Each structure stands twice: as structure tokens, then as C-alpha cells.
Amino acid sequence: MIRLLALRELRSLFSMPSTWFALAVLQFIFAWFFLARLEAFLEIQPQLAQLANPPGATVSIAAPLFNTAALLLMMLVPMFTMRLIAEERRNQTLALLLSAPLSGYHIVLGKFFGLLAFLLVLTISIPLMLYSLALGTQLDHGLLLSNVIGLLLLTASYVAVGLYVSALTSQPVIAAIGALAVLAGLWLADIGATAADSAWHLISPLNHFQNFNAGLLDSSDAAFFLLFTAVFLLLTVSRLHNSRVYG
Amino acid sequence: MPDATPDITLCARNLTRRFGSRQVVHGVSLQLRRGEVLGLLGHNGAGKSTTLQMLTGCLLPNSGNIEICGIDLLRDPALAKAHIGYLPETPPLYRELNVNDYLVFAARLRGMKPAAIGEALACARQRCGLEAVGKKIIGTLSKGYQQRVGIAQAIIHGPAVIVLDEPTVGLDPTQIREIRTLIRELGDAHSVILSTHMLSEVESMCDRVEIMQHGKLIYGDTIAGMANYGGEPGKLEDNFIRITEALE
């Protein structure tokens, strides 16, 4: 059932021209950043070569590129999550799901995995572009892998927040702005807190991504993402149940 | 599966529902037998849609219980809902899908086996007159066709109970006649409960009628019984007004 709902979500996304437009523009932006990073690296490479232990292409190109993608996704994910439940409410298609033999978990997980699969398609070009560098240089596969895992977990946490905010309203635009406000708020609180041990750092997904970005697989960061995602998914399930209770 | 369904397909007892402090439905009890079409009649705002939403599990009642084919809807929602087909006031259509994809999705959603769907799809399209528009995007169809797609999604899985909320709203007279014939046909093998505020609709489609006013069921009888209300045969319309005014 979860797969059925996820596939329906994907099918609806890909049948809208706006999705294809967004895909094309974002591929262009990712490629632009990649090429800009590559050019900067090639320019300073002769000077780097004189260092005793010069940073490689992966650290100089891949890590900043993933970091940029993480920031971009923070702003993009709300635009994709806004439709998930708010639009079903507005078009009154939610009744189809609510009157079907499904539990709230099916509905929420179906939508979550459907959009996550779409975002995987959207971001798959980043590791592919980076792997094209393997033609000319040695890549640090460990660093790439940790970045890919980190970006995936980060995206999942963004989608969970967006899905929850989308369940709160029947206006997709409000859902988009609300989710953006939450995500940007967490990020701003993180970079605004100067004390190194401030609690704001602990609740910011982007902060937990930094270790992955540096190639460090820390189980506490992974646990944070899983918990963060699970909490928002559970909140969404309970919100969906409440719409049966309160109408 | 239809052979296993007991005679009473839907049984609701003492349903109540509040929105905030406003009581919308007061102690509604309904029973529906197999092969019966029940019309829920009432003015706008009488609580018909709210009652139907509760019967389909879209809204939880504040008290009371609902059994679908002997399965408690509140305790075992997933099992019970597999026997329901529901067309809300606004048909729940994904406008960006084509008719076939949407109907297959609706059938799978109700737990139909993929092998059985091809036949069910053809049957539902044939019954609702959708043969020619299978590949069309739902958003591009006219209101009448969208309504038919809405009915098709409610019957594609052959549910024991079909719940239709104002099924003929917004249709032209020819379409209304077709839909009425279809509902009559559906009433032979399934149980149908439909809400409406049009008396002619009740007269041409229903076996039995329940009149709802201010959230209460105030009158229930067969069509013939209602036509003979008060011992003197009359037009349904006059009798409806007499009934609602007498109990005002």
C-alpha cells in the first residue's frame, strides 16, 4: 500500500510540466556550481601541489558542492512538500484516502517515500558529476559516500518537516512558507548561536550534516536525523487522525 | 465475496457528532439491507453529508457505533472500509491522472488483486459510460464526466455498501437520467445510500427514504408509505413539506 501511494505521488509529480521545469533548472544550477568549483580548483592546483599534503579534488570540489546542495534543498524541499497533504485537502481528494482501507501510517509513509524518491532523482546528478572526475584523478570514495548518506538523511528530515506543515493547512502556499520558516529558522538559530555548546546547534539538521560533509560518519548524527524524521512523521500521522476527530 | 455478505450490510446506532459546541447530528440510527437503495432526504445543512462522512470513516462520531457487513467500523476500520465505496460531495479526483490510471489506483487502494483489476476496470467504465475517455486526463473532462469518474471509483471494487453524496448535482437532464438508471441497477446487487434534496430523485431511485432535519431522523418509510402519508395519497413533495413542517 505504501508503495502504491508513493508511486501515485511520483506519477502525479511527473505528469505536471512544472516538475520537469524545476528538474531542468535545478540540474543547470547544480552543474553551474560544479563547474565553478572545478574551475577554482584547477586555478589554484599548481600552488596546492607545492604543499606537503595537498587537499585532493574530492575535498576541494565535492564537499563544497554537497554543502551548497544542502542549503539549496532547504529552500527547495518546502516547494515540493507543500502539495502533499494541503492540496489533497483543498481539492477534497483526501476523502478518497480516508475512506479507503488504509491507516494513517500508510498515507504518511506513502507520501514521504514518494517525494523522497523524487528528490533522489533530482539530486542523483551531483554524485554522477563528481564521479565523472574519476576519469582524470583519484577520488576519495569514502568522503563521497559519507556526503551522499548525509545528504539523503538531511533530505529525509526536510521532507518530514514539510509533510507535517502541509498536514496543518489546506493552503499549499502557506504550507510552503511555513516549512521554509521552520527550516530556515533552525538554520539561522544554528549559525546565530555563538557559544560552541549552544543547544541550538543540536537541533539544527544542517549542523548535523557538517560531520557527514567532512567525511565523518558519526552514529549520533545519523541517530539525530532518524529521530528528527520519525518525530515529524508521527506528528503528521496524529494530525491526519485529528482531521477525522475534529473534522 | 458478495455471497458472504450478510443481509444487513450497514447498521449505524445512535450516531452523534458535534463541531465545537454545535451539535450537528443527534442520535441517528440507520439500517441498510442488501439490494436496497436508501435516500437520505433533507434541507441544506440538515447533517446529511456529516452522517455520510461518519458512515465511511472520514469523520469519527462522538458517540454511537457503525457496522459494515458485521464488522465494527471504529474498531476495525481497515477491514470494514474495504466493503465501502464512497463518492463525496466533490468527487475526489486527481485531475492530473488519466481516467484509467485513476480508476486502477482507486481499485488497488481498496485492496483489489492486480489480476482482477482489468475486468473490474472494464466493467466500471462500461457501467458509467466511460469507455471513450479512458486515456483522457481527468482535469480536461466536463463536470458530468468527472462525476461519472467519481461514481466509477466508488463501485470499481464491487463494495457491499455504496455511499453517494448528492450524486446528480451539476449534471444535465440526460446525464441525470443515466445516473439514475445506473444507481437503480447498482441497488440490485449492492446496498446504496444516497443523500439528496431533490424529491424526484428519491421517487425514481429509492426503495426507502429517511428524512433528516436539524441533525435528527424525523421520518422513515418506504416510498409508497411516504406517498400515503397521513392516510391520504398525495404528491411526495407535498408530503415532504407536511412532514417537515409537522415536526418543526
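What is the volume of the second largest pocket? The second largest pocket has a volume of about 480 Å³. This is a predicted model, in which local features need pLDDT of at least 70 and side-chain atom pairs count only at pLDDT 80 or more, while totals for chains, interfaces and linings use all residues. Residues are numbered from 1 along each chain as its sequence is written, chains are lettered from A in the order in which they are written, and side-chain values use heavy atoms, without hydrogens and water.

**Contact between chains A and B**

- Chain B brings 26 residues to the contact and chain A brings 25, where contact means heavy atoms within 4.5 Å.
- About 2400 Å² is buried between the two chains, 65% of it on carbon and sulfur atoms; buried area is the accessible area (1.4 Å probe) lost on putting two parts together, summed over both.
- Within chain B, the residues that lose the most area to chain A are Tyr94(B), Glu96(B) and Leu109(B), together 26% of what that side buries.
- Two salt bridges are counted between the chains, each a side-chain nitrogen of Lys or Arg within 4 Å of a carboxyl oxygen of Asp or Glu.
- Glu96(B) forms a salt bridge with Arg8(A) through their side chains (3.7 Å, N to O).
- On the side of chain B that touches chain A, β1 (8-19), α2 (77-81) and α3 (99-109) of chain B give two or more residues; helices (H or I, at least four residues) and strands (E, at least two) are DSSP runs, numbered from the N terminus.
- α3(B) gives the most to that side, with five residues.

**Second largest pocket**

- A pocket is an open set of points on a 1 Å grid over the protein atoms alone, with protein on both sides within 12 Å along at least five of seven lines, and lining residues have an atom within 4 Å of a point.
- The lining has 22 residues, and Leu94(A), Ala95(A), Leu98(A), Gly247(A) and Gln53(B) lie nearest the centre of the pocket.
- α12(A) supplies the largest share of this lining, four residues.

**Largest cavity**

- The structure holds one cavity of 30 Å³ or more; a cavity is a set of grid points where a 1.4 Å probe fits but cannot get out, and a volume is the space filled by probe spheres set on the points, which are joined across faces, edges and corners.
- The largest cavity has a volume of about 30 Å³.
- Its lining includes Met74(A), Tyr158(A) and Trp187(A).
- α9(A) gives the most to the lining of the largest cavity, with three residues.
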